[in-house]
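User: I have a structure to go through with you. Please take my questions one at a time.

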Amino acid sequence: MGIRMSGLSSGLDTEAIVGALMSAQSLKKTKIERNKTKLEWKQTKWAELNTKLYKLYTEHVSKMRLQSSYQTKKAAVSDPTKANVTAKNGAVNGSYTLEIQNIATTQYLSGAKINAESVTDKLVDIDSSLLNKEIEITNGDKTTKFAVTANSTISDFTKALQDAGLNASFDMDQKRFFISSKDSGLGNSFSITTTGLTAAEVSGREAIRNAVGYDKMSKDNKKIVDEAMQTLQTSGVGTDDYNKALDSLAKAAYDSKKTATESAAAKYVQAKLYTENYATYETQAKDDLKASYYDDAGDLLVGRTEEEYNKAVKAKADELTTNYVNTQMSTNNDVKLQVDAAAFSGKTVAEIQAIGGEGLNKYYAKDGGALEIEAFDGTNTFSESGIKSAITADVQNYASITDRNDTLSGSALGGLGLADISVDADGKTTVNGGANDSSNALMPKGMSLVEASDSVILLNGAELTSSTSTVSANGLDIELTGLTKNDGPITFSVSNDVDSVYNSVKAFLKEYNEIMKEMKTLYNAESAKGYEPLTSAQKKEMSDDDVKLWEDKIKNSLLRNDSTLGSLMSSMRSAMMSQVTYEGKSYSLASFGIMTSTDYTEGGLLHIYGDADDAVYADQEDKLKKALSDDPDAVMNVLSGIFENLRTTMSQKMAGSKTSSAMTFYNDITMKDQLKSYEKDIKAWEKKLASMEDAYYKKFTAMEVALSKLQSQQNSLAGLFGGN
């Protein structure tokens, strides 16, 4: 933009003149902007309409074209306090008799109150006879073994029960165990039995577990170790099974140690990086925050304190340093393994803490600050083969044990308020080898056991079972809520749910009519000729309400006589007026009393003649409801056929093309391209107008310069002739 001289010599209001000239030149740009605005409004109007049409298509049309939508069933039960019956589409109509002999139960064990005066967490403190006993928990096809050692706790035992797939807890206030299956039914029964272990068995297990680091293993690796040790109990030394078990133990130990080492190494590197870089970021934090706490003279600002400043600096320095460390760790995988082989060799915990520095508490602290340095063995070198060699002697000793179990005269669980519970293949439960009732003298006093059972019913004389309280058969879901043993059988009937189908058709027609009415209004809207989108200047001269009325007038007319909209309405009406042949006879919606109004101004909206909610046609015969009762197959075939025609029509209308996207009823692609074209034209005009404005100012500036020179010359001549 050059220098603009505005009327210095001529006295003309150059800016006003140029403004008037540019206003005339800007009319073409304004016209394009208005066309762009109207197209954007039209795009929005179509998008809103498209959403409603697609909802009609997905939620109603696609459903009503399926014959299954007309096969809805209902069940009526003579005694709802005993059962609730849900009939699916495939249920057979008719009357049924139902006897409910049992409702499925979940096995539930409430232990007796523990007699120990002071219940501690260690099992052997509660009952010393538990030492060297093995508790076997069988839940379905899963068996978990728990060996009681001198260090075994209530929590360990509870966790073993949970690992077996049971709900288990110990209530310290009640001093009782509560154990139950997670699901009902005989198939979910559980057994808890005890076996005595010899000293050799206990010490052998302990040796292997210590050798492989069992206590610090993951759940999956612990499972591998447990299975390997079980194999070793019967494998014999040197056999294939023995060698596989040894390899499994070595691999599990190696994987655990490798994972722990890499984790410790990563934490060590993080701590070291943090310590080495904290001072740098602390300086940056001080510089960044200083202006917020101190003035140029170095005095604290009003309302600020030095303590707050130091606290803010520490927080920001920690954030900056942490972000740096995390970035280093995520972008450089090798950094996790950059641990000096001698980093932990021969060093005390205090010395390692010094290496970790400031970063130790942030990255290396664990379990209250205890360092996990056990993963490093001085040289930090280990291998699967090395571990295998180290554990072989313990594995051989364990596999060589000949006497593993001691015979128990009874259950070892009495001290815990529990008993040995066994469930045989037929679901029969015994407690300590006896019956589950008060006559069993071997059952701990105060212990209660609810046995698992299946639901058992007689449906029309046929015995059916289920592991839950719901029995499903032949399209029926029978939810059991009470027994019929004392009251005799109950009955229920299954029939077509006429009201459900009727209401589905009614709901569709409501949505269909609403959207057809909206499209008709848009198509037949009043003309907005003479109305154009307002400029910013025009809006300033009008109230907000007047602006809205003006713009709504334009928006409501944008789809007036729109060919795409007209074609869509016509096609949808034609589909709904189509005929379907069933058993040699032609049917339409009118055959079932679904017809247009006698009021032509509605534009083809559909009514169910006889519908109680229709203010105009409620007194007519309800042919649809009658047909649903008398000839449901005809209704199903005809209506599903007509709605299939509508679905096909709508699918074709929203098929993707060069001008429209898939699932779109209007030419959205064309509109987007046109908008881009408008934007391009507007930018071109903005550039052109800017050049024209500069050209005008250059001409006026040239004129002002010429006038200035002329005036200067006149003044010089006047001076020569003696002028003042």
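User: Which residues form a nonpolar patch on the surface, and how much accessible area do they have together?

Analyst: This is a predicted model, where local features need pLDDT of at least 70, side-chain atom pairs count only at pLDDT 80 or more, and totals for chains, interfaces and linings use all residues. Residues are numbered from 1 along each chain as its sequence is written, and side-chain values use heavy atoms, with hydrogens and water left out. Patches take residues with over 30% relative accessible area and no salt bridge, joining nonpolar side chains (Val, Leu, Ile, Met, Phe, Trp, Tyr) within 5 Å and like charges within 9 Å. A salt bridge is a side-chain nitrogen of Lys or Arg within 4 Å of a carboxyl oxygen of Asp or Glu; areas come from the Shrake-Rupley method with a 1.4 Å probe, and for residues only the protein chains shown count as cover. Here the patch is Leu717, Leu720 and Phe721, with about 410 Å² together.

User: Is Leu717 buried, partly exposed or exposed?

Analyst: Leu717 sits in helix 18. Helices (H or I, at least four residues) and strands (E, at least two) are DSSP runs, numbered from the N terminus. Buried means under 20% relative accessible area, exposed over 50%, and partly exposed in between (1.4 Å probe, protein chains only). Leu717 has 47% relative accessibility, so it is partly exposed.

User: Which side chain does the side chain of Ser578 contact?

Analyst: Ser578 lies in the loop between helix 15 (563–576) and strand 19 (580–582). Its relative accessible area is 16%, so Ser578 is buried. A polar contact is a pair of N or O atoms within 3.5 Å; within protein, one must be able to donate a hydrogen and the other to accept it, and residues adjacent in sequence count only if both atoms are side-chain atoms. At 2.9 Å, the partner is the side chain of Asn645.

User: What is the phi of Asn432, and is the residue buried or exposed?

Analyst: Asn432 is in the loop between strand 12 (429–431) and strand 13 (448–450). It is not a glycine, yet its phi is positive, at about 50°. Its relative accessible area is 18%, so Asn432 is buried.

User: Where does Asn460 lie, and what is its phi?

Analyst: Asn460 has 44% relative accessibility, so it is partly exposed. Its loop runs between strand 14 (455–459) and strand 15 (462–466). Asn460 is not a glycine, but its phi is positive, at about 50°.

User: Which residues gather in a patch of positive charge on the surface?

Analyst: Lys and Arg count as positive and Asp and Glu as negative; His and the chain ends are not counted. The place of a charge is NZ of Lys, CZ of Arg, CG of Asp or CD of Glu. Lys219, in helix 6 (residues 219–235), is exposed because its relative accessibility is 59%. The patch holds Lys142, Lys182, Lys219 and Lys223.
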